[in-house]
Amino acid sequence: MLYRTSFSPPAWRYRNPFEEFENVRQKMENLFGTLSNRSYKSMGAGVFPAVNLTEDQGCYYVRAEIPGVKNDDLELNITDSTLTIGGERKIPKESEEARYHRRERKAGKFSRAIALPGEINSEKVEAALVNGVLTVTVPKAEKVKPRQITVR
Amino acid sequence: MTNTKTDELQVNEKREAAGPAELTKPGPVFTPHVDIFETEKDIALSADMPGVSAENLDIDLRENTLTLTGDIAGENNNNEDRIYVEYKTGRYYRQFSLSGVIDQSKIDARLNDGVLRLLLPKVEKAVPRQISIKTG
């Protein structure tokens with residue numbers, strides 16, 4: 001007998017299979033606090049900025065938290081299917097006689113390439129920087145967008 | 001020894017606040033990264049709070065405790081599928097004990113590009129006065 005399935009095999013997703021482990025790790029770390037002093041590098045191998053990539057039917061959305069980076073200090077490039085976020089985070093100098101109590105913020109240059117999982121329309125990429133959060137909207141190429149077929 | 005990576009920026013991983021922060025709403029709460037500088041005249045505080053807009057930021061100074069609470073605007077991306085998640089979003093919460101007396105009326109707060117800059121001027125100390133003694 002022949003069986004035909006009307007479903008395509010599950011498409012390969014770029015979803016992080018270790019996300020659940022990551023959550024557990026974070027909880028454990030909270031629990032044990034400073035017992036383990038080594039800093040854990042998350043998926044992006046510690047390359048600034050950390051990005052979140054989401055998609056809907058028409059677009060990919062790349063989001064990154066880059067507080068303190070001005071529009072002018074940010075450079076975005078897009079090639080075939082690679083988005084590059086580069087720039088510099090500057091922290092204004094404090095006066096000479098100031099002594100510091102906390103110094104947790106870092107300044108420096110950064111550059112990161114993000115490979116998008118599918119074909120895109122690089123003509124219509126849009127980017128917005130609001131309250132230190134960068135959102136890049138990358139439309140998918142017309143031919144990979146799902147098309148609704150009306151049945152007559 | 002060459003140190004070529006001096007100004008290459010690394011991810012400063014967000015720390016989840018583990019303290020007894022108010023948990024009236026679900027979701028993670030983060031501790032913002034801060035710089036605190038003190039001069040003779042004032043205390044300057046910079047805090048990274050990406051995603052927080054001015055109207056969602058609450059700065060509270062009571063006695064000597066400064067409390068920062070930042071809410072992020074509800075992201076309307078629930079209908080998007082996640083492909084790759086490297087950071088989580090949530091509220092920000094942090095408390096500080098301030099030494100010295102702050103002149104509450106002169107506090108200056110600015111929020112630019114997700115960075116809060118708080119200038120807390122100290123109360124001016126009484127200026128020593130010279131008292132001249134008249135003879136005669």
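These notebook entries record what I looked up in a predicted model with chains A and B.

**Entry 1. Chain B in outline**

I began with the secondary structure of chain B, which comes to zero helices and ten strands. Read from the N terminus, its elements run β-β-β-β-β-β-β-β-β-β. I then looked up burial and found that 40% of the 136 residues of chain B count as buried. For contacts in chain B with a separation of 6 or more, I noted that 53% come from residues 24 or more positions apart.

**Entry 2. Strand β3 of chain B**

I next asked how many of the five residues of strand β3 (residues 34-38) of chain B are buried. Five of the five are buried, so I recorded this strand as largely enclosed by the rest of the structure. In a regular strand, side chains alternate between the two faces of the sheet. I therefore checked each face of β3(B) in turn, taking buried to mean under 20% relative accessible area. Val34(B), Ile36(B) and Glu38(B) lie on one side and are buried.

**Entry 3. The partners of β3(B)**

Which strands pair with β3(B)? One is strand β5 (residues 99-103) of chain A, which pairs with β3(B) in the antiparallel sense over four bridges. Within this pairing I located Arg99(A) opposite Glu38(B). Another is strand β4 (residues 42-48) of chain B, which runs antiparallel to β3(B) and is joined to it by five bridges. Here Asp35(B) stands opposite Ser46(B). I also noted that β3(B) and β4(B) form a hairpin, with three residues between them.

I followed the pairing onward from β4(B). Seven bridges link β4(B) with β10(B) in the antiparallel sense, and Asp42(B) stands opposite Pro121(B). Strand β10 (residues 115-121) of chain B is mostly covered, with five of its seven residues buried. Strand β9 (residues 108-112) of chain B also pairs with β10(B), again antiparallel, over five bridges. In that pairing I found Arg110(B) opposite Arg117(B). The two strands β9(B) and β10(B) form a hairpin with two residues between them, and Asp113(B) in the turn has a positive phi of about 50 degrees.

**Entry 4. The nonpolar cores**

I turned to the largest nonpolar core, which has 20 residues. Among the members that touch the most others are Tyr60(A), Ile85(A) and Phe110(A). In chain A, β1 (51-55), β2 (59-65), β4 (82-89), β6 (108-115) and β8 (133-139) each supply at least two residues of this core. I examined Leu74(A) separately: beyond four places away in sequence, its contacts include Ile66(A), Val69(A), Leu129(A) and Leu134(A). A second, separate core has 19 residues, including Phe30(B), Val34(B), Ala47(B) and Leu68(B).

**Entry 5. Where chains A and B meet**

Finally I looked up the interface. I found 58 residues of chain A in contact with 45 residues of chain B. The area buried between the two chains is about 4,800 Å², and carbon and sulfur atoms give 47% of that area. Eleven salt bridges are counted between chain A and chain B. One of them joins Glu104(A) to Arg15(B), with the closest N and O atoms 3.3 Å apart. I also recorded 25 residue pairs in polar contact across the interface. On the side of chain A that touches chain B, the elements giving two or more residues are α1 (19-32), β1, β2, β5 and β6 of chain A.

Key: Residues are numbered from 1 along each chain as its sequence is written. Chains are lettered from A and ligands numbered from 1 in the order in which they are written. This is a predicted model: local features need pLDDT of at least 70, side-chain atom pairs count only at pLDDT 80 or more; totals for chains, interfaces and linings use all residues. Side-chain values use heavy atoms; hydrogens and water are left out. A nonpolar core is a set of buried Ala, Val, Leu, Ile, Met, Phe, Trp, Tyr and Cys residues joined through side-chain atoms within 4.5 Å. Buried means under 20% relative accessible area, exposed over 50%, partly exposed in between (1.4 Å probe, protein chains only). Contact means heavy atoms within 4.5 Å. Two strands pair if DSSP finds at least two bridges between them. Buried area is the accessible area (1.4 Å probe) that two parts lose on being put together, summed over both. A salt bridge is a side-chain nitrogen of Lys or Arg within 4 Å of a carboxyl oxygen of Asp or Glu. A polar contact is a pair of N or O atoms within 3.5 Å; within protein, one must be able to donate a hydrogen and the other to accept it, and residues adjacent in sequence count only if both atoms are side-chain atoms.
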